[in-house]
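I opened my notebook to jot down what I looked up in this structure. Here is the model I had on screen.

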Amino acid sequence: MKKIAIIMGSDSDLPVVEKAINVLDELEIPKEVHVYSAHRTPEEAREFALNARANDFGAIICAAGKAAHLAGAIAANTTLPVIGIPIKSSTLDGLDALLSTVQMPGGIPVATVAIDGAENAALLAAEILSVYDESIEAKLKSRRESAKIKVLKKNEEIENKY
């Protein structure tokens, strides 16, 4: 099974990133978690991206706030799918990170989830791997069925109350 890389620009992003880690653990998808900065450790980030395919990764999740160039810097150095998580910061509530992550130039795509959308980043990475791994597809279907059952139960409770 391919691994998922999760890279954050700073360890201050960990409270958000842990949601992605938890989803991948739930789905039993192997992962590696790293802190690399597009600005403070550009060589290390580039080296990781250049070797990611050879190191058996199937997708890379990048979380960064403020200028949020991490996903783009990683995507520029790999042809693996890169998913960006814009992290909310105190200055512009994450809008700066969202725009930095989503506004990539033609030819260097980065899939971008919502501000602090780590759960969806992990699910999207899992869906990418599920194209070639039916066991992941089955786990994703089961997770969705569980979510459906929870919503229908809440609906029944509301209908009965009102």
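**Entry 1: aromatic rings.** I started with the rings and found two aromatic pairs in the structure. I keep in mind that the model is a predicted one. I then checked where the two residues sit: Y36 is in the loop between strand 2 (31-35) and helix 2 (42-51), while F48 is in helix 2, so the pair ties together parts twelve residues apart in sequence.

F57 has 2% relative accessibility and counts as buried. I wrote down Y36, F48 and F57 as one aromatic cluster.

**Entry 2: a charge over a ring.** Which ring does the charged end of K3 sit over? I found it over the ring of F57, 4.3 Å from the ring centre.

Entry 3: Five of them make an open sheet in the order 2-1-3-4-5, with parallel pairing. Strand 2 and strand 5 (111-112) are at the edges and have a single partner strand each, so one side of each has no neighbour in the sheet. G84 has T112 in strand 5 as its bridge partner.

Then I turned to what packs on the sheet. Helix 1 (residues 14-26) does, touching strand 1 (3-8), strand 2, strand 3 (57-65) and strand 4. The direction of helix 1 makes about 175° with that of strand 1.

**Entry 4: I29.** My last stop was I29, which I located in the loop between helix 1 and strand 2. I29 counts as buried, at 3% relative accessibility. What does I29 touch, leaving out residues up to four places away in sequence? My list reads M1, K2, I4, L24, A126, L129 and I136. I also looked up the C-alpha separation of I29 and S12: the two are 17 residues apart along the chain, and their C-alpha atoms are 24 Å apart.

How values were computed
Residues are numbered from 1 along each chain as its sequence is written. This is a predicted model: local features need pLDDT of at least 70, side-chain atom pairs count only at pLDDT 80 or more; totals for chains, interfaces and linings use all residues. Side-chain values use heavy atoms; hydrogens and water are left out. Rings of Phe, Tyr and Trp (its six-membered ring) pair if their centres lie within 6.5 Å; planes under 30 degrees apart count as stacked, over 60 as edge-to-face and the rest as tilted. Helices (H or I, at least four residues) and strands (E, at least two) are DSSP runs, numbered from the N terminus. Buried means under 20% relative accessible area, exposed over 50%, partly exposed in between (1.4 Å probe, protein chains only). A charge sits over a ring if NZ of Lys or CZ of Arg is within 6 Å of the ring centre and within 35 degrees of the ring normal. Two strands pair if DSSP finds at least two bridges between them. Contact means heavy atoms within 4.5 Å. Axes are lines fitted to C-alpha atoms, for helices over the stretch in contact, and angles run from 0 to 180 degrees between N-to-C directions.
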